[in-house]
Amino acid sequence: MLPALSAIFMLTLSYANGFATLPTELDRPQRCHLERTYKMIGYNCANLNLKEIPQQLKSNLEILDLSFNRIRDLSRSSFSRYTAIKYLYLFENMIQNIDEGAFSDLTNLEALDLSYNAMKTIPLEIFQLPVLRNLYVGHNALLELESDLTKLHKPIKAPLQILGLPDCRLQRLPDFGILPDLWQLNISSNAMQDLALEQFSPMCNLKSVDLNNTQIPTCLCQIVTAELVQRGTKVMHPPLHCIPLTIQEQDQCKALVASELDADKEAHFHQCMDVRNSRQLDTEAKTAWMKISAAVLGCIVLFALILYCFHRRNVKRLKSEGRAQKKSKTNGINRVMVPQAAQQNPPEGLPVEQAKSDRLLSDCD
């Protein structure tokens, strides 16, 4: 009763002050909720005013949503209990300090969202997670990222496919090394004054680039856009000055930028393509071996079936012959032999069976 009266009292005060909404604490759940999504165990801990990672959850959870909280620090033990996590959402927190190795135990992690925090760099162990495909670190001032990446061990182990870097105060694309699996890149709302075409070379599988509200010099942007389109990459929301209006403008930009491009740095593109081609050959080889193995196994199974059929037929034949022989022996033992003459000339006036008996008695005398 008291909570209800308190809520009514607070609502009355809100209306009196010109606010027609209840305090957020009344609508906010006070603990993490267990949820199952696509047969995976997950916890919804969003908007609980948490200041640290809860440690009382099930250790086999696979989805953990900690968004819209007040978490500032991540220690080495923050996720040590939850090594089965596949999807981790930490956006809209206050994360600033991340201890080394905070993410090292998350070897099953496939997607990580650290957007809208106070990070200055990306922990390097994230790039060594073996199955991490989606990484979102947008809306962080990553001012120390470029210097930290000089310590990054390359090539990275994470098979990144989607990388979100919007509004990170970047002047150029970070050098993560060869990214042969990356197909979607978001670098919108960055002042890419030092962007160069060769920075896209390690991303030979790139299918989509978001350039919305990205500040790139006109000629450089035109060259980059044209080259990416030629490679089969879709450029999303390009600035208007990135689209050349006339052939003369294109030629002028090519002449201006061509002298600045370093052909040696394009080797990263060929290296990336070599990795993809090698993977494709490995896949084709595995497929061929699987087909050959399946064919051999099929032949073995067929041969075994044929042998089994012959065996069954021989067993049936032997059983049939055995029954026939046994029947013939039984008939020979139970049958009484009658002389042929008696069978042909039985005495007149006597039954056949009595004549047979008299004949046998006479033979005994």
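**Salt bridges**

I began with the salt bridges, taking one as a side-chain nitrogen of Lys or Arg within 4 Å of a carboxyl oxygen of Asp or Glu, and by this rule I count six in the predicted model. As background I noted that side chains of opposite charge can pair when their charged atoms come close.

I looked up Arg76 and Asp105, whose side chains meet in a salt bridge at 3.0 Å, N to O. The pair links distant parts of the chain, 29 residues apart, with Arg76 in the loop between β4 (73–74) and β5 (87–89) and Asp105 in the loop between β6 (97–98) and β7 (111–113). For the elements I use DSSP runs numbered from the N terminus, helices being H or I of at least four residues and strands E of at least two. Arg76 counts as partly exposed because its relative accessible area is 39%, and Asp105 is partly exposed at 27%. My classes are buried for under 20% relative accessible area, exposed for over 50% and partly exposed in between, with a 1.4 Å probe and protein chains only.

I then turned to Arg133, which forms a salt bridge with Glu110, the closest N and O atoms being 2.7 Å apart. This pair also links distant parts of the chain, 23 residues apart, from the loop between β7 and β8 (134–136), where Arg133 lies, to the loop between β6 and β7, where Glu110 lies. Arg133 is partly exposed, at 25% relative accessibility.

Another entry concerns Asp175 and Lys154, whose closest N and O atoms are 3.0 Å apart in a salt bridge. Asp175 sits in the loop between β9 (162–164) and β10 (184–186), and Lys154 in the loop between α3 (145–148) and β9, so that the pair, 21 residues apart, links distant parts of the chain. Asp175 has a relative accessible area of 44% and is partly exposed, and Lys154 is partly exposed at 33%.

**Nonpolar core**

For a nonpolar core I take a set of buried Ala, Val, Leu, Ile, Met, Phe, Trp, Tyr and Cys residues joined through side-chain atoms within 4.5 Å. The largest has 67 residues, of which Leu64, Phe79, Leu88, Leu90, Phe103, Leu112 and Phe200 touch the most other members. The elements giving two or more residues to this core are β2 (40–44) and α4 (218–230), and α4 supplies the largest share, five residues. Leaving aside residues up to four places away in sequence, I find that Leu112 touches, among others, Leu88, Phe103, Ile126 and Tyr136, a contact being heavy atoms within 4.5 Å.

I placed Ala255 in helix α5 (residues 247–258), where its 59% relative accessibility makes it exposed. Ala255 and Cys219 are 36 residues apart in sequence, and their C-alpha atoms are 9.8 Å apart. Ile292 belongs to helix α6 (residues 267–334) and is partly exposed, at 45% relative accessibility.

**Confidence**

I checked the pLDDT, the predictor's confidence in each residue from 0 to 100: its mean over the protein chain is 82, and 79% of the residues reach 70 or more. Over residues 1–26 the pLDDT is below 50, and beyond near neighbours in sequence this stretch has eight contacts in the model. Where pLDDT is low, the predicted coordinates should not be read in detail.

**Conventions**

I number residues from 1 along each chain as its sequence is written, and side-chain values use heavy atoms, with hydrogens and water left out. As this is a predicted model, local features need pLDDT of at least 70 and side-chain atom pairs count only at pLDDT 80 or more, whereas totals for chains, interfaces and linings use all residues.
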